Amino acid sequence: MIWLIIISMAVVVFSSRHLLLEPKLPIRLSKNTLTLLSYSAPAVLTAIFAPIVFVPEGQLAISIHNPYLTCALVATVLAYVTRNTLLTTVLSMGLFFILY
Amino acid sequence: MGAAELTSMTTSKSRSVLKGALAMMPLTIAVIPWGILAGSFALDVGLTPVESQAMSAIIFAGSAQLVALGMIKAGIGIGSILITTLLITSRHLLYAMAMRSHISPLPLKWRLGLGFLLTDELFAITNQSHGGDKLAQHQFDRWYALGGGLTFYIGWNIATLLGIVAGQSIDHLDDLGLDFAIAATFIAIVVPTVKKPSILVCVLVSLTLAVVCAVFAIQAGLLIAAISGMVAGMAYAKLTGEGNAVSAPVHSSTSHSAKSHTDSVKKDQNR
């Protein structure tokens with residue numbers, strides 16, 4: 001079962017990466033589809049990280065004592081100010097491992 | 001073609017591969033804790049070491065792997081896992097769309113190879129290599145892309161292996177808070193892409209619903225939150241006429257995020 005999941009996931013992932021690189025494929029996404037897709041990265045990535053930050057132990061933890069939340073806020077500010085991916089991740093993770 | 005010419009061509013190819021590898025280094029380093037988590041979490045969920053490594057080697061998609069592992073652990077069926085994977089990976093359709101003009105004229109082995117290696121990170125460094133605001137149509141360097149893509153692939157797999165090895169000897173490696181690496185990376189990627197009010201709306205809706213679903217332990221939370229966020233962002237843009245301000249809303253928003261991602265990579269390199 002695990003192998004079935006791995007192989008089928010690989011097919012889905014590879015297809016999404018490769019499909020539109022294929023010159024013979026007459027695939028044209030409509031303008032609306034493309035517009036909707038342009039929101040997929042921020043929406044999906046946010047939906048993945050938000051529970052890690054706000055619900056670390058299965059319960060809502062909006063508190064200064066939640067290191068996930070405080071460090072995520074620091075990361076947000078760093079990302080906004082520096083726009084530097086590496087600096088943001090390294091500094092906020094360093095802070096997190098000190099606090100955690 | 002003379003021998004000297006052949007030699008110089010080979011040299012310029014290997015130089016391009018090396019340049020791509022170097023450009024990818026900062027992002028490869030940033031992905032290490034994440035790879036360790038992917039390896040150790042896979043063991044924790046009950047996969048064998050070979051299966052755990054195979055996930056990174058065959059699927060090669062960090063966020064999809066981690067989310068799928070969480071779903072396997074929760075006993076969710078393969079259908080839901082694949083639908084979720086499709087949603088998570090759908091952003092690659094856009095990357096491929098943006099790189100279509102560069103990659104689709106290449107021979108099949110290049111299309112397959114670069115397609116397999118096409119990640120958020122590869123998209124960022126290949127667009128950066130062209131410099132400026134606009135992607136130059138003529139200047140795509142396949143060897144540079146290959147060097148960057150392979151470096152990231154190898155880095156991701158070594159980090160996964162580290163996680164598998166460490167996970168076998170250290171208990172509760174996933175309690176070390178490595179999952180914060182995911183949050184930190186995604187925040188670092190998402191924040192610079194918020195350049196329009198509609199993207200902010202999209203992020204806030206997705207964030208709120210993801211948290212609500214997590215609190216109530218709703219399994220399909222990721223799907224609900226992400227799709228709602230996308231629809232809300234698009235609806236906001238349509239209602240406010242945000243997209244009409246520029247001639248091609250789709251491409252502008254794509255290159256916006258690519259550009260900001262690129263900018264951050266550029267800064268990484270200048271450090």
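This is a predicted model: local features need pLDDT of at least 70, side-chain atom pairs count only at pLDDT 80 or more; totals for chains, interfaces and linings use all residues.

Modeller: The account below begins with the contact between the chains and then turns to the helices and loops on either side of it.

The contact is made by 86 residues from chain B and 61 residues from chain A. On the side of chain B that touches chain A, helix H10 (residues 179–193) of chain B supplies the largest share, with 15 residues. By class, this side of chain B consists of 59 nonpolar, 19 polar and eight charged residues.

Apart from neighbours within four places in sequence, B:Ala210 is in contact with A:Thr46, A:Ala47, A:Ala50 and A:Pro51 in chain A, and with B:Gly221, B:Leu222 and B:Ala225 in chain B.

On the chain A side, helix H3 (residues 40–54) of chain A and helix H4 (residues 67–82) of chain A have axes that come within 7 Å and cross at roughly 130 degrees. The two helices, H3(A) and H4(A), are therefore oblique to each other. Their contact is formed by A:Ile52, A:Val53 and A:Phe54 in H3(A), which meet A:Tyr68, A:Leu69 and A:Ala72 in H4(A). This contact of H3(A) with H4(A) has six nonpolar residues, no polar residues and no charged residues.

Chain B itself is built from 13 helices and zero strands. Of its 271 residues, 51% count as buried. Among the contacts in chain B with a separation of 6 or more, 76% join residues 24 or more positions apart.

Two loops of chain B deserve attention for their backbone geometry. B:Phe60 is located in the loop between helix H3 (49–59) and helix H4 (62–73) of chain B. Although B:Phe60 is not a glycine, it has a positive phi of about 55 degrees. B:Phe60 counts as buried because 23 other C-beta atoms lie within 10 Å, and the cut-off is 20 or more. B:Ala217 belongs to the loop between helix H11 (197–215) and helix H12 (221–240) of chain B. B:Ala217 likewise has a positive phi of about 55 degrees without being a glycine. Its surroundings are another matter: B:Ala217 has 10 C-beta neighbours inside 10 Å and so counts as exposed, the limit being 12 or fewer.

With 19 other C-beta atoms within 10 Å, B:Ser16 is partly exposed. Leaving aside neighbours within four places in sequence, B:Ser16 is in contact with B:Asp141, B:Trp143, B:Tyr144 and B:Gly147. For B:Ser16 and B:Gly163, which are 147 residues apart along the chain, the C-alpha atoms are separated by 31 Å.

Definitions and conventions
Residues are numbered from 1 along each chain as its sequence is written. Chains are lettered from A and ligands numbered from 1 in the order in which they are written. Two residues are in contact if their C-beta atoms, placed from the backbone, lie within 7 Å. Helices (H or I, at least four residues) and strands (E, at least two) are DSSP runs, numbered from the N terminus. Ala, Val, Leu, Ile, Met, Phe, Trp, Tyr, Cys and Pro count as nonpolar, Asp, Glu, Lys and Arg as charged, and the others, Gly among them, as polar. Axes are lines fitted to C-alpha atoms, for helices over the stretch in contact, and angles run from 0 to 180 degrees between N-to-C directions. Angles under 35 degrees count as roughly parallel, over 145 as roughly antiparallel, 65 to 115 as roughly perpendicular and the rest as oblique.
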